[in-house]
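Biologist: Please show the model, and then let us go through the terms used to describe it.

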Amino acid sequence: MQVETVNLTQKDRKAVLAQMIEKGGGNLTKCIQCGACASVCPVAITGLPLYCKRLFRFLQTGHLEEILDDASSWACVACNRCTEICPRGVDPFHVVFAFRRIQAQELAIPASATTSLMNFYTTGHAVYGDASELRQKVGLDPVPPSTLKYPEALKELQTLLDESPMAELGLF
Amino acid sequence: MERCGLYLGCNIPLKAPDIEQSMRKVFPALGIEIVDLDGFSCCPAWGTAPSFDIDTWLVVAGRNIAIAEMKGVDLMTGCNSCFGVLSEAKHMIEEHPEKKAMVQEKLAKINKTYEGKTKVYHIAHILYKEIGLEKIRKSMKYKLDGFKIAIQPGCHILWPTKVMEVTEKNPFYPTMLKELCEALGAEAPYYSRLEYCCGMGALRSTDQEKSFLLVKEKLLSMKEEIDPDMIVTTCSSCYLQLDGAQKILKERGEIDFTIPVLYYTQLLALCMGFDAKEVASISEIPREEIIEKIQSEERAQ
Amino acid sequence: MVQVGTNPNIELLTYSEVEEVEGSIGNFKVKIRKKQTYIDWDKCTGCGACAEACPAKVPNEFNAGLDTRGAIYIQFPQAVPKKAVIDIEHCLNCAGRKIGTQPKISKKTGKPILAPCEKACPAGACDRSIAWDPEGELIEVEVGTIVVATGFKVMEKERFKEYAPDSPNVLTALQLERLISATGPTGGKLLRPSDGQKPKVISFISCVGSRDQRYHTYCSRVCCMYMIKEARLIKEKYPDIDIYMHFMDVRTPGKDFDEYYTYARELGINIVRGKVGGIEKLPGDRLRVMGYDNDLGKPIEVKADMVVLATAIELPEDAKQLAQKLSLPMDGSGFFKELHPKLKPVETPVEGIFLAGCCQGPKDIPDTVAQAKGAAAAAAVPLAQGKVVIEPTISEVNPEKCSGCGVCVPLCPYNAIKLEQYGDRPRAQIDMTQCKGCGVCAAACPSGAITLHGFTDAQIFAQIEALTKAA
């Protein structure tokens, strides 16, 4: 048994901030915890635990390992309503996504995301399903004019992805 | 504008190709030639490259924009997520010269050039700004007098305004889609959850039940406040959620009504007299009845 | 204000604007335009009969646009002097008769047909047949020192798109102030603008335009307290009204202020710490306030009948033009800049001009009174002494060397340099009371005619030599 008090001095705030800056979330330090973002955030409204404001407070106080496996950040729909109203220019969406990138690096990724990533690499479409019948039914070519129709275009995309740091994760 | 690149994304060509067909019908009929962006890929969706590596996001988005640029056209998309991903990426590329150089260098390796000349539009912007309400009014075969529409513009077309070419006068109380629907003769009143998230996208794939909370809230606001004949959206994600989740909520008994859902170009195509089998034939909530009412003899001009 | 109006030693010029200021401490010449009132103020008794008769409807500035006034009007019941003016832009020119033209003669009665305002005036002060000069009157006064006290404005609600600005039931705090004032548009009754009904639920939102990078980064300092005051006035009068106050932080420094705030909590006013992110419009002109409760750690919603926005204090546009006329600098927040934030809080870079009140930055009444008394005393000192102390390190022009090119004139940040005739041509002259010894002119002078005392070229070269030797 242990008391639940957080010992703030034992947290490595600098290390967490450095990782956030590297992943594009340097505006974390601008957040003053006013709560405006959370008041209109779909993640917060639906009761998921680590919505923007709360996530930023954990990160500001040097928490990272404790929250690494939480899937809330992956529920962010990137609606950017927060970005529009933030009084401190935090761009909360970018900070949430920076945290996602740290999670991704540690493979703390929900299954739905790995599936769409795999689809993305193999077909060029994150949302994929054989639609040829549906398409023909409405009078369209069975295959849309995308990477699905042009193999050399898919190759181009795969070249870009193979050369990106994402390839190191071994998810595709 | 005489020609415009049509960026389809994933949902429209693979889940709701009748929406794609409706676009292919209405734009040429309204004087804008559609240019296919041959070899395009996923924008990349929020849950893919943007969640892993910013540069990869920018390069993949840059490639899609470059396809339009190399054909000498601007691009329009009917998927709000694609619109958000591409607009945000273009904004970042143009704001940061080092990112632009990086994108150009990586694209050069696959023989693509990116200069930044192509603008990213939403199809609603092209309909509203380029084609205009007057031309839409004149193109109609069936008028929607007496119909009440609940509009759903969706999030990514509203915010963040700083990354967009075209913005609403007030993005929290949008009126573009309202005016587009009114041009067809229908009424499109405000309801309090108009700007509220429908719950689609990452929320739906991460936690379906949570996502249903939002769509239910929205549907109830529509039903209780304005009791519409149909829901009309310009976002393919919202379309799939409002149509698909609505059916599930009805089956579970969480709502005791159904409201048919149409994508705006589907409704426009129906008003212009195109065949519903081609432009509006795939949905969970049945639309036959409303389509029959729209394309009825007494409405014919 | 009444005391000022009746003090024999104070000449009060209302409805007037400063056009131009020349000279320096002890000898300022101020050109003032007394705007045309179109009313004979010697005759006007301030009875207000003309205002009641006027058929025009103009948004009433004093009631923050909540009701209308006539084109002929008295600004507010306690106005000093209490005299009527005609707002000529909005005058309807009743019966097609412009001001300055003779009335038509009635065929029936043979008497002139007067405008409603003329007819109503019992004192003969309103005579529309007089050809008033629309330019008003330009006067010049000579003064030794000047105190700038322009006051402030609050931001309009239209700027805040996420807060349903087009709803009539979203008000600025200043509008609410008028709504609950006995001399306000409802005679002090708290009624919703949309339907004239008493609201049951009211939300207050703080930091609207203040502490916000999109508008102003500063704290407007007075909002927390006046919001609590307004909420308490309402709660004490109508205990059944449910009040929610959404704060980013509650800032109540000041004597007895925090006690005033904590009592608001005891009264049952709901204090919510967390900024509001949006407002949705509900049927019946109600409003759904989408907020956040930092202490609950949850998003919250309030269905309100009325929403009050504490919009930021800022400097009005015309005060910025006055700053240019006075050659006074502005600070980063858009207010008049004091000479030193701690040690010279009422002084400005222009000797003899002083600041008081919100023109220098947002402040409440106690701070404003204290600062105004400081500014008045500071402005009186040189007048009483009859002389000023000047700095020894100021610049001087050698008129023999000066070519009269004038390069230095616009460069001087203190407006201290003028071209004056000297011998055969105009040459630069520096007003020693205005010069602050910055040296910009001395460095720029192509003829080497200007010397900054204590920093002659020879002295500077000697310093450089000494420094480079040491290295």
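**Contact, fold and surface**

Modeller: Chain C and chain B bury about 940 Å² between them, and carbon and sulfur atoms account for 48% of it. Buried area here is the accessible area (1.4 Å probe) that two parts lose on being put together, summed over both. C:Lys161, C:Glu280 and C:Lys281 supply 54% of the area that chain C buries against chain B, more than any other three residues. The model is predicted: local features need pLDDT of at least 70, side-chain atom pairs count only at pLDDT 80 or more, and totals for chains, interfaces and linings use all residues. Residues are numbered from 1 along each chain as its sequence is written, chains are lettered from A and ligands numbered from 1 in the order in which they are written, and side-chain values use heavy atoms, with hydrogens and water left out.

Biologist: How many residues of chain C and chain B take part in the contact?

Modeller: Contact means heavy atoms within 4.5 Å. By that criterion chain C contributes 13 residues and chain B eleven residues.

Biologist: Why is chain B called as compact as a globular protein of its length?

Modeller: The radius of gyration is taken over C-alpha atoms, and the globule rule is 2.2 Å times the number of residues to the power 0.38. Chain B has 14 helices and seven strands, where helices (H or I, at least four residues) and strands (E, at least two) are DSSP runs, numbered from the N terminus. For 301 residues the rule gives 19 Å and the radius of gyration of chain B is 19 Å, so chain B is as compact as a globular protein of that length.

Biologist: What share of the residues in chain B is called buried?

Modeller: Buried means under 20% relative accessible area, exposed over 50%, partly exposed in between (1.4 Å probe, protein chains only). Of the 301 residues in chain B, 65% are buried; in chain A, buried residues make up 56% of 172.

Biologist: What share of the contacts in chain B joins residues 24 or more positions apart?

Modeller: Among contacts in chain B with a separation of 6 or more, that share is 78%. For chain A, 65% of the contacts between residues at least 6 apart in sequence join residues at least 24 apart.
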